[in-house]
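Subject: Structure for you to look at

Hi,

Here is the structure I promised. Please open it and keep it beside you while you read.

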Amino acid sequence: MNVDLARIQFAFTSINHFFFVPVTIGLAILTALLQTAWHRSRREEYLRLTRFFGTLLVINIAIGVVTGIVQEFEFGMNWGAYSRLVGNIFGAPLAMEGLAAFFLESTFLGLWLFGWDRLSPRVHLATIWLVALGSMLSAAFILAANSWMQHPVGYVMSGGKPVLNDIWAVFTNPVFVWGYAKVIFAALTTGAVVMLAISAWQLRHGGDLGVFSRSARMALIVLVPAIMFTMLIGDELGVIEGRYQPMKIAAAEAQWTTCQPCSFSLFQIGGGNNDHTPTQIIEVPHLLSLLATNHWNGKVIGLTPLQQQYSQQFGPGNYVPNVFIQYWGMRTMAYLGALTLLISLWGLWAIYRKTLVTSRVFLWVAVWAAVLPFLMNTAGWLLTESGRQPWIVQGIMLTRNGISPTVSVTWLWISLIGFVLLYGTLGTVEFLLMLRYSRKQVPPPRAPADADTPVPAIQY
Amino acid sequence: MSSFVPFWFIVIAILWTGFFVLEGFDFGVGMLHGVVGTGEAGRRAAINAIGPLWDGNEVWLIVAGAAMFAAFPGWYATMFSGLYLAMALLLGSLIIRGVAFEYRGKRDAARWRRTWDGALTVGSVLAPLLIGIALGDLLHGLPINASQDYTGSFWDLLQPYAVFTGVTLVLACLLHGATYLSLKTTDGMHERARATGRLVAPVTAAFVIGFIIWTHVTASSTFFLNVIELVAILAVLAAAWLVYDRRDGFAFTATAVTIAALVITIFVDLYPNVMVSSTNPAYNLTVHNTASAPYALKAMTIVVVVFLPLVLIYQAWTYYVFRQRVSASDFTSAPPRAEVPEPRPEIPAQEGSHVRES
């Protein structure tokens, strides 16, 4: 019971947190690009867009920051035994994140917001880039810590405890390097889709054509490579995870028996934890071999032999993650990724045909595409984290042994209900505010006489 | 034992001190923004006086927590799981406070703003109160067993000394906020901030002196106060005198020193313990039985030695950039963001309807 409640709480708070994180990283980079465009071209349209999307960025950062504090506290609150065991390794990147990244992001966000009329344009432009850099660095340290849970490296076991002996290995962990690249491109995808959707809504509802056609175009130009890289890197990440966490990948394919070559199941009914043979299945030959091993005839070890191997290695127990979550998490991510890619290519075609602002069908689709990255991100994290189960640190500690031994079920319920109510309320407020500000008119251009005066600060 | 262990205890003490000195006046301004700023323009001026700074200041807390996690995992695990409900409540207050800054001006409706003003005030009182209770508990002792686990209930956290620590910190932040606003505002607000300071200063001074004596009796075996305890008492007396003497700059310096000395006192009197066990002194958590291995501490030492000075430099620069006083006359009670026009007319009526309330 305790471990279930603690897991539900962590999943709930981190999924919510990760709605805001990629928007922050993506929009910070895009806002910095917009401001750079203004700085170089001096075109008022870019200034108006910078202010417009900057406001959205700030609304979003506020809740991203406070939900991030919850994540940090939860390790100690709910996962005391885990924190005690691995704090010397897992805690180190967290502390470095605060010192090297979070200070940078928060301090320079204040400077950017309030510094419009106090800093020289060049310095002010640097502040938004530092905000973007801070948010990207922040993700790097968190991903390094997370990757260590997936594939522990750089430690020796001493008295039953993992002790850090090579910090460099933690930051060159292949799971981290590829996982981090994937998160950054996924964040760019998220930011670009959000920017595209808002611009499309504005274009459909009589927003300023000259302004929002520019942001739509910029969003698409960023989006096409971003989604392509996300998918390509995701593919390579799958191969790496298959090497270190074969259970995760076998479960993602609901592959119970070992196969060579392996077909990729596009869609199936059944084949989960309780009935190993699917009743309906549509397959593509050789595709799984290719995806999981990069070889046409690669071998994928099935869940049943892996379970036998793990039982011998770690003692009796169930080492198979939830196959339903793995299988559909993987497909949600991949199929929606492909859909996003198609939409972005359609947009590129529209730019080429010069029909971007007039194609009402495309603009309608682009507005609704806003939900796609959030579904993909959530599915991706479910795949990553649920696929690690039953381990909290792969091969070192089981999730059920990681909880705080003296935290009672009552306390867990109180905090869980509290977080659900608080996040529910604030999430709704946040969503309505984002919607409201996305639908506002873009700030009017300044009178030509004001062109040389400083732009006023954004204030509370 | 490696010398990194006491070094990291000092780093953590510095981080908590930095947090309270900087975020302390943000808490104070949060508590006072409705008192010092009469009317919407005044409230906005008070909030904007800390607008560019509060977020960077709050990071000190996050880094302090993460540093405890990395350097003293046993301390972090016992403290955060033992003080579970207090921590959950602290998170709640930090959340509502943090979003209140961003959200209160995002809709031009009186009730909306009143709600977030309330959230800001409540959050700004609760956060230092709860952290104060937690720090007081570390020093005074909690039921902790041989395997470093907390065995008490929620109510055991609310022992008199801990609550007194919390109240003292709230009052110190309140005075710190008042002196900050005296330094950063003009005209009527300036006068009201000073008047608030004069009202609060004697109470804060009494509590700080009481706290220092209680702490000394609890944790120290010597008769005489140590230097840092003495500094706390002298600084708060100086602060009270300077507030009455209307020396804004010096008064703010004195309240900053008071808060710093308060927090350092807790950590100095705690060392080498990090959490005292009221069950059995042999079960005390100390820097030695909770610390990470030397290699991890060494790696983080390099990071802290490089980045903490850098952080201090750019945060100091931020304070320099925003050194000007904030005036209520710069703000209107009209829509906060004049540059963002009203929503376009074709927006569905359900949204437009509560926007127009004010």
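Below are the main findings, one topic at a time.

This is a predicted model: local features need pLDDT of at least 70, side-chain atom pairs count only at pLDDT 80 or more, and totals for chains, interfaces and linings use all residues. Residues are numbered from 1 along each chain as its sequence is written, while chains are lettered from A and ligands numbered from 1 in the order in which they are written.

**The contact between the chains**

Chain B puts 65 residues into the contact, and chain A puts in 67. (Two residues are in contact if their C-beta atoms, placed from the backbone, lie within 7 Å.) On the chain B side, α2 (39-50), α3, α4 (73-82), α5 (84-103) and α12 each supply at least two residues. Helices here are DSSP runs of H or I with at least four residues, and strands are runs of E with at least two, numbered from the N terminus.

**Helix α12 of chain B**

This helix covers residues 294-321, 28 residues in total. From first C-alpha to last it reaches 40 Å, close to the 40 Å expected at 1.5 Å a residue. (The expected span is 1.5 Å times one less than the number of residues.) A kink of about 25° is centred on B:Val304. The bend at a residue is the angle between axes fitted to the seven residues ending there and the seven starting there.

B:Val304 is also buried, as are B:Tyr295 and B:Met300, among others in α12(B). (Buried means 20 or more other C-beta atoms within 10 Å of a residue's own, exposed means 12 or fewer, and partly exposed lies in between; C-beta atoms are placed from the backbone.) The buried residues of α12(B) pack against elements of both chains, including α3 (80-114) of chain A and α1 (4-36) of chain B.

**The core**

The largest nonpolar core has 263 residues. (Such a core is a set of buried Ala, Val, Leu, Ile, Met, Phe, Trp, Tyr and Cys residues joined through C-beta atoms within 7 Å.) A:Ala95, A:Leu196, B:Ala67 and B:Ala239 touch the most other members. α3(A) gives the most to this core, with 21 residues.

Most residues other than glycine have a negative phi, and most peptide bonds are trans. A cis bond joins A:Gln260 and A:Pro261, with omega about -5°. A:His286 has a positive phi, near 65°. A:His286 is partly exposed, with 16 other C-beta atoms within 10 Å.

Best wishes
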